[in-house]
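Open the model in a viewer and keep the sequence panel beside it. The stops below can be selected in the order given.

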Amino acid sequence: MKVSAIPAPLPDTLADGVFPAGCPSRTVLDHITSKWGVLILLSLSEGEQRWSELRRRADGISEKMLAQTLKTLEKDGLVRRDAQHVIPPRVDYSLTKRGRELAALLIPLVTWAFDNAEAIIGGEG
């Protein structure tokens, strides 16, 4: 993945809009850029998954945090929860169209973080 070393300027619509404390985008950014939010969105980018699959993929997430993250992402319209009325109960999670759009943007960011983590954590800066 090739990324320009020179950052693009912020679009005029964002230049002053995202920085004020009351901007609603801050709430959305908080939801989608949390460690668990990113990992759940990336996991679901590979297709529909059940609770237990998501818990295994996001190693270290507690049941409470998984439930909270899924509920937040569902409320934000990024994740779809499909409760099957069968015995035993089954719930499947998937990305909505907006969630798929977001995951496509997150994949390059997470790829960059993965590729550079060792150098950054190791102090190579």
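Is E101 buried, partly exposed or exposed? E101 is partly exposed, with a relative accessible area of 45%. Buried here means under 20% relative accessible area and exposed over 50%, with partly exposed in between (1.4 Å probe, protein chains only). This is a predicted model, in which local features need pLDDT of at least 70 and side-chain atom pairs count only at pLDDT 80 or more, while totals for chains, interfaces and linings use all residues. Residues are numbered from 1 along each chain as its sequence is written, and side-chain values use heavy atoms, with hydrogens and water left out.

**Whole chain**

Start with the chain as a cartoon. There are six helices and three strands, in the sequence pattern α-α-α-β-α-α-β-β-α. Helices (H or I, at least four residues) and strands (E, at least two) are DSSP runs, numbered from the N terminus. The C-alpha trace spans about 55 × 35 × 25 Å along its principal axes. Of the 125 residues, 24% are buried. Switch to the surface: the chain exposes about 9200 Å², and carbon and sulfur atoms supply 58% of that area. Accessible areas come from the Shrake-Rupley method with a 1.4 Å probe; for residues, only the protein chains shown count as cover.

Select residues 35-44, which form helix α3. Eight of the ten residues in α3 are buried, among them W36, G37, I40 and L44.

Next select T69, in helix α5 (residues 63-75). What is T69 in contact with, apart from its neighbours within four places in sequence? T69 is in contact with W36, G37 and I40, contact meaning heavy atoms within 4.5 Å. T69 is itself buried, at a relative accessible area of 8%. For the chain as a whole, take the contacts with a separation of 6 or more: residues 24 or more positions apart account for 46% of them.

**The sheet**

Now show the strands. The three form an open sheet in the order β1-β3-β2, with antiparallel pairing. Two strands pair if DSSP finds at least two bridges between them. The edge strands are β1 (49-50) and β2 (79-84), each pairing on one side only. Six bridges join β2 to β3 (residues 90-95).

A hairpin of five residues joins β2 to β3. Select P88, which is found in the loop between these strands. The peptide bond from I87 to P88 is cis, with omega near -5 degrees. For comparison, most peptide bonds are trans.

**Salt bridges**

How many salt bridges does a search of the whole structure find? The search finds four, a salt bridge being a side-chain nitrogen of Lys or Arg within 4 Å of a carboxyl oxygen of Asp or Glu.

- Select E46 and R57. Their side chains meet in a salt bridge at 2.6 Å, N to O. E46 lies in the loop between α3 and β1 and R57 in helix α4 (residues 51-57), so the pair ties together parts that are eleven residues apart in sequence. E46 is exposed at 58% relative accessible area, whereas R57 is partly exposed at 48%.
- Select R55 and E63. The closest N and O atoms of this salt bridge are 3.3 Å apart. R55 is partly exposed, with 32% relative accessibility.
- Select K97 and E101, the residue of the opening question. In this salt bridge the closest N and O atoms are 3.4 Å apart. K97 and E101 are four residues apart in helix α6 (residues 97-121), a separation of about one helical turn. An α-helix has 3.6 residues a turn, so residues three or four places apart point the same way. K97 is exposed, with a relative accessible area of 57%.

**Charges**

Finally, colour by charge. The chain has 16 positive and 16 negative side chains, and the centres of the two sets lie 6 Å apart. Lys and Arg count as positive and Asp and Glu as negative; His and the chain ends are not counted. The place of a charge is taken as NZ of Lys, CZ of Arg, CG of Asp or CD of Glu.
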